[in-house]
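Hi there,

Here is the structure I promised to pass on. Have a look at it first, and my notes follow below.

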Amino acid sequence: MHFIKTLVGVAAVSALSGCMGGTSFFAPPPLGGERLDPNAPAWALNSYLPDPTINTAIVGNATQDASFSTLFSGVRTSAGEMPLTWNQQLDNAAQSYAGYLVATNQFSHNAGKSDIGARVAATGYQYRKVGENLAQGQQSEQQAMTSWQNSPGHNANLLDPDFEEFALGVSGTGQNVTWVLVLADPL
């Protein structure tokens, strides 16, 4: 039983990655490692949007799935921070990157010869500060949020008082479900 709990804990840790960027980008190595394929095609905005016919039952668009916004607002307000507002441009970056990670079987902030700053800038969004949390394998918004809350770097992104806007991208099925949370402080 102890071995199974340890294995589950290692799997949860290995499927998290948190990053923040501003004028300079900081991308700590993903907990448990990352998967990068140097031969994968470059990421391009909207080239890898999740296919709703093969996506999980999870709705990845915050305007259609208010449950994540409510969940996220609760996490922030319980810590004394203001709720964030969903943004369409950030959603384009988050959804496109979630689809890309699943389509290319990668898990990294720097896959596809891109980083969070470049992906957000590709949408035309202008920011002072941008951050990104990744998770993989969690089967619900609550599980993804709990994983991020239990990781100091990810939780720091969740509660950063500078961020004002967010979007959540999700793609994949089963243990391949990939979550991309993009947070930003707009200009």
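At what angle do helix α5 and helix α6 pack, and how far apart are their axes? This is a predicted model, and in it α5 (residues 141–149) and α6 (residues 152–159) meet at about 110°, with 6 Å between the axes. Angles from 65 to 115 degrees count as roughly perpendicular, so that is the label for α5 and α6. On the α5 side, the contact is made by M145, W148 and Q149, and on the α6 side by H154, N155 and L158. Sorted by class, this contact has three nonpolar and three polar residues, and no charged ones.

Now for the overall picture. The protein chain has six helices and six strands, and their order along the sequence is α-β-β-α-β-α-α-β-α-α-β-β. Of its 187 residues, 49% are buried.

A word on confidence before you set anything up. The mean pLDDT of the protein chain is 80, and 73% of the residues score at least 70. Helix α4 (residues 116–121) has the highest confidence, at 96, while helix α1 (residues 2–14) has the lowest, with a mean of 35. The pLDDT is below 50 over residues 1–14, and this stretch has six contacts in the model beyond near neighbours in sequence. Residues 55–60 also stay under 50, but there the model has 22 contacts beyond four places in sequence.

The spot I would like to show you is around S96. This residue is found in helix α3 (residues 88–104). Is S96 buried or exposed? Its relative accessibility is 0%, and buried means under 20%, so S96 counts as buried. A polar atom of the S96 side chain lies 3.5 Å from the backbone oxygen of A44. Apart from neighbours within four places in sequence, S96 is in contact with W43, A44, L45, N46, S47, Y48 and L49.

A44 lies in the loop between β2 and α2 and is partly exposed, with a relative accessible area of 32%.

N46 lies in the loop between β2 (25–26) and α2 (66–78). Its relative accessible area is 38%, so N46 is partly exposed. What stands out in its backbone is a positive phi of about 65°, although N46 is not a glycine. Most residues other than glycine have a negative phi.

Which other residue has a positive phi, of about 55°, although it is not a glycine? That is K113, whose place is in the loop between α3 and α4. With 65% relative accessibility, K113 counts as exposed, whereas N46 is partly exposed.

That is what I have for you.

Best wishes

Technical notes: Residues are numbered from 1 along each chain as its sequence is written. Side-chain values use heavy atoms; hydrogens and water are left out. Axes are lines fitted to C-alpha atoms, for helices over the stretch in contact, and angles run from 0 to 180 degrees between N-to-C directions. Helices (H or I, at least four residues) and strands (E, at least two) are DSSP runs, numbered from the N terminus. Angles under 35 degrees count as roughly parallel, over 145 as roughly antiparallel, 65 to 115 as roughly perpendicular and the rest as oblique. Contact means heavy atoms within 4.5 Å. Ala, Val, Leu, Ile, Met, Phe, Trp, Tyr, Cys and Pro count as nonpolar, Asp, Glu, Lys and Arg as charged, and the others, Gly among them, as polar. Buried means under 20% relative accessible area, exposed over 50%, partly exposed in between (1.4 Å probe, protein chains only). A polar contact is a pair of N or O atoms within 3.5 Å; within protein, one must be able to donate a hydrogen and the other to accept it, and residues adjacent in sequence count only if both atoms are side-chain atoms. pLDDT is the predictor's confidence in each residue, from 0 to 100.
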